[in-house]
Amino acid sequence: MKDRPRIQDFDWILLAIVGAISLIGLLEIYSSTHASSLAGMQWKQLMWIGVGVVAMCLVSVIDYHALLDQAPALYAVGIAGLLVVLMIGYSRLGAKRWISIGGLVNLQVSEIMKLIIIVVLARYFAEVGTERLSLADLAKVGVITLIPVGLILKQPDLGTAMVLVPVALLGIFLAGVQWKHMAVGVVVVALLVPIAWNMRHHLKPYQQQRIQTFLHPEDNPRGAGYQILQSEIAVGSGGFWGKGFGKGSQNQLGFVPVRYSDFILAALAEEQGFIGVCVVLLLYLGLILRLVDNAQKAKDRAGMYIVMGVTAILGFQVLVNTSMVIGYMPVTGIPLPLISYGGSSIAFVFLALGLVMNVRMRRFVN
Amino acid sequence: MSSWNVNDQRIPQGRLTLFSYLSVVFVIFLLVGFWKLQVVQSGHYSDLAEKNGIRSIPIIAPRGAMLDREGRVLVDSYPSFSILLLRDSPKLVEKYLPEIESGLGISKEDMQEQLDAAKSEPRFMPIIIKPEASQADLAFVESHRPDIPILDLMMVQRRRYPYGEMFANTIGYVGEVSPQELNESNGRYRPGDIVGKAGLEKEYNGELEGTDGMRRVVVNSVGKVVRTLDNVDAIPGKPIQLTIDYDLQSVAEHDMQGKEGAVVAMDARTGAILAMVSRPTFNPNDFAIRIPPREWKRLNTDPETPLLNRAIQAQLAPGSVFKIVMATAMLESKVIPPTFTVYCPGYANFYGRIFHCDHAHGEVDLHKAIVASCDVYFYNVGKQLGIDRISYYANALGLGHLTGIDLPGEEPGLVPSEAWVERVYHHKWYPGSTISVSIGQGSVMATPIQLARMIAGVASGGNLVHPHLLKDDTNVKITRFPLSQNTVDQVTAGMYGVVNEPDGTTAESVKLKDIEFCGKTGTAQTMSYELQNRLGKHIKENGWFVGYAPRENPEIVVAALVQGAGWGSFVAPVVRDVVKAYYDKKNGQFQPPVSMAEGTPKADVSRSLVASAGAHHP
């Protein structure tokens with residue numbers, strides 16, 4: 001038994017996997033952008049990773065129990081932040097997501113909200129303390145989750161909003177969902193789909209189009225279906241062995257949409273082939289399994305929920321992003337963790353890993 | 001501490017393990033998805049990927065315009081569209097060929113031929129399958145961009161000859177580069193490139209043609225240009241200014257309508273060609289677009305040889321025009337005294353053979369021999385000079401070799417000599433042949449331009465100019481063959497008499513008021529009388545007239561040839577009209593010939609490429 005958490009207690013295997021995935025991301029960003037006006041992006045990404053590692057260490061230092069203590073306050077700050085974004089945030093690419101702090105850092109509040117919801121739900125599930133969640137418990141979880149989801153949807157940012165949901169769902173599952181509740185949930189979702197379908201006219205035009213495109217990509221190859229088709233062409237033409245680093249014509253000629261970010265896996269699939277995709281997906285599987293391992297070894301139930309909250313978000317992002325690349329899901333704008341270019345995305349992953357390290361380092365601490 | 005249960009240490013190990021298994025299932029599910037795309041359907045997507053790609057679309061540099069000496073546009077270019085076939089993927093070409101065949105009306109064989117011709121070119125370079133696309137063709141390509149992704153359009157600068165046949169043989173024409181030119185160009189040309197094929201278009205191709213640019217664009221799988229990678233601008237060809245004078249050319253063209261022959265007008269002091277006509281001719285606009293093989297064959301096999309530039313390529317017996325060489329040789333060599341006279345009974349007997357003359361001229365001296373063109377006088381001169389002396393002076397006066405005019409395909413003519421006959425026929429020179437050569441018959445041959453240069457040379461005391469069409473004062477060169485003043489006086493007096501004396505061969509019909517218009521007629525048999533008698537038909541003689549003004553140190557010299565004219569004096573009015581036009585212009589009194597007046601262009605001071613081509617006089 002040790003008294004103090006120490007840096008040696010970081011999960012080095014987990015970090016090795018994270019490092020490998022990040023390196024693949026850097027290389028693919030380089031490959032996708034080196035011959036274009038975006039050249040040099042990989043250095044920015046590397047900088048973000050550096051910032052992320054520092055942030056991860058900082059987050060691991062503060063005892064997660066302290067964070068859990070402050071959960072209600074954090075939640076209030078997060079919701080307030082989202083409201084501020086809706087009121088004074090500035091628009092980029094048609095969505096209000098950013099708050100400018102001192103004109104230097106563009107803070108994407110919804111990314112912070114992802115971390116807050118992990119902590120808040122961990123606190124809630126730990127507090128419930130039962131193996132059989134009641135309907136009231138489920139309702140409370142629903143309210144806690146759907147308030148930020150609604151606010152983020154308002155921005156509008158369907159992708160980030162969606163990401164919060166699995167944290168709640170996985171938490172419910174782990175906390176002990178009753179089979180009848182689960183069955184009812186499935187039935188309700190099954191009924192909601194046609195209703196939602198009829199409500200689709202209330203969606204934003206771009207959302208309608210994305211759905212339409214997803215269902216019938218071949219209808220309009222020049223328009224909205226273009227991204228998915230181009231992504232599939234890149235992936236499919238990569239074949240088993242790939243076209244080689246920097247040699248993917250779809251990637252290099254810019255046919256792959258946002259090839260350095262949301263569709264970076266398509267670029268990678270074209271250049272590295274099925275083999276490369278296998279390596280990436282197995283690394284992600286390793287990451288998830290390692291996270292689950294950390295959850296299993298957590299000192300207490302609250303720590304376990306924190307780790308699994310992180311796992312839920314990362315796993316969901318990998319699943320949704322990868323499915324989108326091969327046309328199994330519509331375009332939602334969810335990046336691939338650690339590989340897609342983007343400061344907010346990278347910062348979130350390392351902050352979330354900071355929470356995981358935090359829990360791990362304290363598993364033997366009294 | 002807090003109200004919530006911090007020390008709850010129950011971890012749901014089973015559910016966590018279940019989650020792990022679920023993760024493995026999801027990864028397998030995703031890998032199956034990738035397997036389907038990357039392994040099962042890889043071929044399909046590779047095809048689609050191939051359709052996405054880079055296209056290199058040439059930007060054709062416009063050829064330089066040609067201007068006359070006063071800046072009037074004789075040739076220019078106008079923009080038009082060509083249809084390109086992108087052949088990056090042979091599979092796609094194969095697939096869409098039938099559709100293109102019906103849509104654009106190009107036969108499959110034609111397209112295959114084009115494809116074969118471009119076999120050695122890099123595949124990303126498209127080929128031109130249809131130059132000069134019609135509105136319907138453009139609509140077809142535009143409307144089928146998504147479903148026939150291998151067609152594209154290219155703007156080209158098409159050659160335009162606003163005056164059609166008027167300058168055709170001199171200016172020449174352009175056409176697609178031939179396989180042979182392609183080979184010799186060391187990669188400079190690509191199939192379908194337009195190059196100068198004849199005349200000035202060929203001679204000054206290097207100046208006229210610019211450097212093509214290239215636009216590299218990225219197109220997606222439905223043929224839409226996504227972005228431009230780079231743009232190398234075309235460098236337009238340089239315009240060239242010619243020595244040709246549109247007005248003199250139009251006069252000469254007018255007079256030569258319906259005739260077969262040639263006219264060359266030249267500045268006798270510099271060698272600048274003022275007008276050059278060859279008839280029959282062709283319309284170079286027919287070549288500006290791809291010429292149909294049938295039309296090409298017709299032009300090449302036409303017995304009237306419309307593609308021949310008779311002004312520099314018709315090597316014909318000069319007839320009596322050659323007597324000027326004889327007179328010069330007689331006076332300069334001093335073998336025969338200037339006072340030499342002959343009695344002409346209308347024929348003469350040499351070496352047992354009768355040689356005819358047109359008339360019985362009676363007592364003939366040199367002056368009368370030139371004025372009345374007495375053959376018998378020059379038979380005797382020739383007999384006394386001998387072939388090699390005649391040959392020497394003919395050569396010195398520019399016959400028998402190229403004038404060096406800046407046009408491709410010039411013919412050298414022929415001046416026979418003893419050495420020549422031995423080299424070619426391996427026998428001794430027959431003295432009787434000298435008698436024929438003395439009046440410009442037999443084996444002596446000259447082109448219109450050579451005769452113009454020779455007459456100007458003699459009249460100017462031996463200044464043999466170098467004919468040229470590019471207006472550039474630096475290329476005025478003169479070869480000196482000094483003649484004595486006595487020779488010049490006597491010969492030019494004779495040529496003055498031809499036009500201005502009552503017994504001159506033109507019988508005063510072409511006299512010009514206030515202008516010392518001189519000249520020499522020539523009538524050349526194209527077949528011997530014996531042969532004509534045997535064939536039982538009379539072939540009309542070729543008529544020549546070479547005129548100039550003024551009498552000494554001439555400014556302008558004009559040679560005209562009318563094949564089958566029958567008599568040189570019938571040709572003289574053509575020359576007179578051109579000389580008169582020259583002086584009228586000088587005096588500001590020029591009136592364009594009636595049939596030509598309509599299209600007379602204005603001077604194009606700006607030298608823009610598509611300027612006043614069709615502009616009319618007010």
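**Where the two chains meet**

The contact (heavy atoms within 4.5 Å) takes 59 residues from chain A and 49 residues from chain B. This is a predicted model, in which local features need pLDDT of at least 70 and side-chain atom pairs count only at pLDDT 80 or more, while totals for chains, interfaces and linings use all residues. Residues are numbered from 1 along each chain as its sequence is written, chains are lettered from A and ligands numbered from 1 in the order in which they are written, and side-chain values use heavy atoms, with hydrogens and water left out.

The size of an interface is often given as the accessible area lost when the parts come together. Between chain A and chain B the buried area (the accessible area, with a 1.4 Å probe, that two parts lose on being put together, summed over both) is about 4600 Å², and carbon and sulfur atoms give 69% of this area. There are 10 residue pairs in polar contact between chain A and chain B, both residues being at pLDDT 80 or more. A polar contact is a pair of N or O atoms within 3.5 Å; within protein, one must be able to donate a hydrogen and the other to accept it, and residues adjacent in sequence count only if both atoms are side-chain atoms.

Several helices of chain A, including helix 5 (109-128), helix 12 (264-296) and helix 13 (301-325), each supply at least two residues of the side that touches chain B. Helices (H or I, at least four residues) and strands (E, at least two) are DSSP runs, numbered from the N terminus. With 13 residues, helix 12 of chain A gives the most to that side.

**Inside chain B**

B:S82 belongs to strand 3 (residues 73-85) of chain B. B:S82 counts as buried because its relative accessibility is 1%; buried means under 20% relative accessible area, exposed over 50%, partly exposed in between (1.4 Å probe, protein chains only). The side chains of B:S82 and B:R158 are joined by a polar contact of 3.3 Å. Leaving aside neighbours within four places in sequence, B:S82 is also in contact with other residues, among them B:I128, B:K130 and B:D152.

In helix 14 (residues 323-333) of chain B, 11 of the 11 residues are buried, so this helix is largely enclosed by the rest of the structure. After helix 14 of chain B comes B:K334, with a positive phi near 60°.
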